[in-house]
Amino acid sequence: MLTGKRILLIIGGGIAAYKSLDLIRQFKKAGAEVTPVLTKGAREFVTPLSASALAGEKAFTDLFDLTDEAEMGHIELSRSADLLVVAPATADLIAKMAGGHADDLASTVLMATDTPVLIAPAMNVRMWLHPANQRNVATLTTDGIHRVGPDEGDMACGEFGPGRMAEPVEIVDAAIHHLMDGPLKGKHVIVTSGPTHEPIDPVRYLANRSSGAQGSAIASALAALGARVTFVSGPATATDPGGVSVIRVESARQMLDAVTAALPADAAVFAAAVADWRAETETDSKIKKDGSGRPPSLALAENPDILATVAGMTEGRPDLVIGFAAETDDVIAHATAKRKRKGCDWIVANDVSPETGIMGGDENAVTVIDAGGAEAWPRASKTEVARKLAARIAKALG
Ligand code: C5P
């Protein structure tokens, strides 16, 4: 997704610097090359050696290191990158940027650059809300500096509120968003994926065999076309896609809440194998055998239909709502009826009979059904199917 892209990662001196090491890993996972620059303060929290070992590149620290100036001056360093990312962006670094200071390598690079800059602020909540900091942040916004976060939550200092650095995946997501010039740039797409687990008691649940592989591949393919993707996943075994915001849920009801919270979106792809039913009552303690030899009865209740709920929204409905239909017989007829019943725009139908090996396998053979009819795609890898679907979505939204 970020293959061939170079990120200059400026690590500021705050406790969130420990997350920047994971950020380097996430950038590498997304295919980017990362050059770390550590401020003096950052070196109190993480070492240049750890940053350099994870990046697989030299980590820079001092402005007046003559060898570096001969090999790669600070001007060159600032311009060889496609994006400068400042994480954590401390109150001090933000103030320096807003004031145009250049008294160390990080601030000098930020002054000398002509490439886009993305900051991920991290500081105590009082510092974040302080008028001086708010003024500085507003100045940076006017200067065209991009920002991700800060998030709200419990902070390392024991307080609660805005100031926590955005999670590394959110930062990578934002970086992709600013770097990608794909046809879906500026579009937000929600993708649901994986199975759901419906609790029966504290140790048992109802589930299905979905691996989440197709949903994960679709989220990656959409992000690769420049979309901002919110990936809402049940407990899947497939690896999470890189460069997207991942929201983990367990049950269908949690998935519906997460999807609703992620709206508005331009498109939504419902690839999750949501359990149709849940246990009517979830007991607080483990259900025991009572010695009678008679199994307990399990009453089921119907889960909310997330796809039908979103497709039926009168306000804020995404322009394109896509559902999946996993069928074992009469695939096209059932899927065509399902498209109408659920009120979605497209249905991606597939035959999940055990002999196809599709459920849990690496390949898929789908038929895309829209108002115009059915379009059968040849059997291909789930990655290839995802690319084709993402391209079709880009065309429809374009
Ligand atoms: O009704 P069925 O489960 O076959 O519908 C499949 C489609 O509906 C999929 O796109 C699935 O993600 C979605 N769905 C949902 N919420 C449910 C059940 C299914 O979003 N409770």
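The legends below walk through several close-up views of this structure. The model is predicted, so local features are described only at pLDDT of at least 70 and side-chain atom pairs at pLDDT 80 or more, while totals for chains, interfaces and linings use all residues. Residues are numbered from 1 along each chain as its sequence is written, and side-chain values use heavy atoms, with hydrogens and water left out.

**View 1. The largest nonpolar core has 35 residues.** A nonpolar core is a set of buried Ala, Val, Leu, Ile, Met, Phe, Trp, Tyr and Cys residues joined through side-chain atoms within 4.5 Å. Buried means under 20% relative accessible area, exposed over 50%, and partly exposed in between (1.4 Å probe, protein chains only). Leu2, Leu9, Phe27, Val85, Ala87, Leu118 and Ile171 have the most contacts inside this core. Among the elements that each supply at least two of its residues are strand S1 (6-11), helix H1 (17-29) and helix H9 (168-179). Helices (H or I, at least four residues) and strands (E, at least two) are DSSP runs, numbered from the N terminus. The largest share, six residues, comes from H9. Apart from this core lies another, of 32 residues, among them Leu184, Phe231, Val348 and Val368.

**View 2. Here is Phe27 with its neighbours.** Leaving aside residues up to four places away in sequence, Phe27 touches Leu2, Ile7, Ala32, Val34, Val85, Ile171, Val172 and Ala175. Contact means heavy atoms within 4.5 Å.

**View 3. Helix H6 (residues 105-112) is largely enclosed by the rest of the structure, because seven of its eight residues are buried.** The buried ones are Leu105, Ala106, Ser107, Thr108, Val109, Leu110 and Ala112. Their cover includes S1, S2, S3 and S4, along with helix H4 (74-79) and helix H5 (91-99).

**View 4. Glu327 and Lys338 meet through their side chains in a salt bridge (2.9 Å, N to O).** A salt bridge is a side-chain nitrogen of Lys or Arg within 4 Å of a carboxyl oxygen of Asp or Glu, and the structure holds 15 of them. Glu327 belongs to strand S16 (residues 320-327) and Lys338 to helix H13 (residues 331-342), so the pair ties together parts that are eleven residues apart in sequence. Both Glu327 and Lys338 are buried. In the loop between S16 and H13 sits Asp330, a residue other than glycine with a positive phi, near 45°. Asp330 counts as exposed, at 57% relative accessibility.

**View 5. Arg379 forms a salt bridge with Glu363.** Their closest N and O atoms are 2.8 Å apart. This pair links distant parts of the chain, 16 residues apart: Arg379 is in the loop between strand S20 (373-376) and strand S21 (380-381), and Glu363 is in strand S18 (residues 363-364). Arg379 is partly exposed, with a relative accessible area of 44%, and Glu363 also counts as partly exposed, at 35%.

View 6. Pro264 is found in the loop between helix H11 (252-262) and strand S13 (267-270).
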